[in-house]
Amino acid sequence: MAVEQPLTSPVPPSGDQTRIHNIGYRNYDGPRLGRAYARRSLYSQSLRGSYGLGRSVKSKVLPMLLFVVMCVPAAIMVAVAVATKAKDLPVEYTRYAIIMQGVISLYVASQAPQSVSRDLRFKTVPLYFSRPIETADYVRAKYAALASAMFVLTAAPLLVLYIGALLAKLDFADQTKGFAEGLVSVALLSLLFAGIGLVIAAVTPRRGFGIAAVIAVLIISYGAVSTLQAIADAQNNTGAIPWIGLFSPVTLIDGVQTAFLGATSSAPGAVGPGSGQGAVYVLVVLGLIAAAYGLLLRRYKKVGL
């Protein structure tokens, strides 16, 4: 009578269970590029991302559209000045960003959350800090990238105006001076708006909430301040108009350039701050930039723990 054998595979000796496979990994013998290289790389990638470069086509649409919207009015003004042989440009260099502040605010609202919210939502910030990069490096790179992207957005139309003014054979010295003053103004605006936008966006990992919050702070504050200034002007309380302007980022920049860059104030009745009040404006602007940087450092020190 046949005896059934169990259907089990033989157990190999314990020594045959271990296998060492050479899969081709090699040690890295190249240079260690360190914190500076990591910081530059993060800055470069963040700056490119602010215009959708290196990302999907969908990500490029809004920033590129806003860039075009910023430059088209300047090109039209140049065309009119050249065609009519005008003796001056229709708008001052320092006034252009104030006129287009709605577009600038929308750009900040869309790109500040894009810069930081995804890192918070997907919890990748601690991964950055596991490398040589530190909290201050991350904050500086993100801040500098968004400020640079905003400077490109706001300085490009001024460059269009300047080139057009030279083509129209307007006075070279006056146009160069106005162009330089405009660059100083938009550089300060870029630093202030970038800091405010990043601080608000870093509070929440949800991009939609960040966009709504940035729009509310920038646009609603400007509308409220403009309304209060109009009321003060209607009541002939012109002395209060410059002080009210301290409570909105847009009117802060407007006050600084009115006091020190020879710009015409956009406040009701063109009542801008004098030199003494302008010093207060400068201190407030610099204080807000420093405060934004400090708040970002504190925020990311907690996130990176």
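At what angle do helix α4 and helix α7 pack, and how far apart are their axes? The legends below take up this packing and other close-ups of a predicted model.

**View 1. Helix α4 packs against helix α7 at an angle of about 45°.** Helix α4 covers residues 101-121, and helix α7 covers residues 172-201. Their axes lie 8 Å apart.

**View 2. Residues of α4 meet residues of α7.** The α4 side brings Ile104, Ser105, Val108, Ala112, Pro113, Ser115, Val116, Ser117 and Leu120. The α7 side brings Leu189, Phe193, Gly197, Leu198 and Ala201. By type, the residues of this contact are ten nonpolar and four polar, with no charged residue.

**View 3. Tyr93 and Phe179 form an edge-to-face pair.** The model has five aromatic pairs in its count. In this pair, the ring centres of Tyr93 and Phe179 are 6.1 Å apart. Their planes stand at 65°, so the pair is edge-to-face. Tyr93 sits in helix α3 (residues 93-99), while Phe179 sits in helix α7. The pair therefore ties together parts that are 86 residues apart in sequence. Is Tyr93 buried or exposed? Tyr93 counts as buried, because its relative accessibility is 6%. Phe179 is buried too, with a relative accessible area of 15%.

**View 4. Phe179 also pairs with Tyr162, and this pair is stacked.** The ring centres of Tyr162 and Phe179 are 4.6 Å apart. Their planes meet at 10°, so the pair is stacked. Tyr162 belongs to helix α6 (residues 135-167) and Phe179 to helix α7. The two residues are 17 apart, and the pair links distant parts of the chain. Both Tyr162 and Phe179 are buried.

**View 5. Tyr51, Phe67 and Tyr107 form an aromatic cluster.** Ring pairs link these three residues, Tyr51, Phe67 and Tyr107.

**View 6. Val61 lies in helix α2.** Helix α2 covers residues 57-84.

Key: Residues are numbered from 1 along each chain as its sequence is written. This is a predicted model: local features need pLDDT of at least 70, side-chain atom pairs count only at pLDDT 80 or more; totals for chains, interfaces and linings use all residues. Side-chain values use heavy atoms; hydrogens and water are left out. Axes are lines fitted to C-alpha atoms, for helices over the stretch in contact, and angles run from 0 to 180 degrees between N-to-C directions. Helices (H or I, at least four residues) and strands (E, at least two) are DSSP runs, numbered from the N terminus. Contact means heavy atoms within 4.5 Å. Ala, Val, Leu, Ile, Met, Phe, Trp, Tyr, Cys and Pro count as nonpolar, Asp, Glu, Lys and Arg as charged, and the others, Gly among them, as polar. Rings of Phe, Tyr and Trp (its six-membered ring) pair if their centres lie within 6.5 Å; planes under 30 degrees apart count as stacked, over 60 as edge-to-face and the rest as tilted. Buried means under 20% relative accessible area, exposed over 50%, partly exposed in between (1.4 Å probe, protein chains only).
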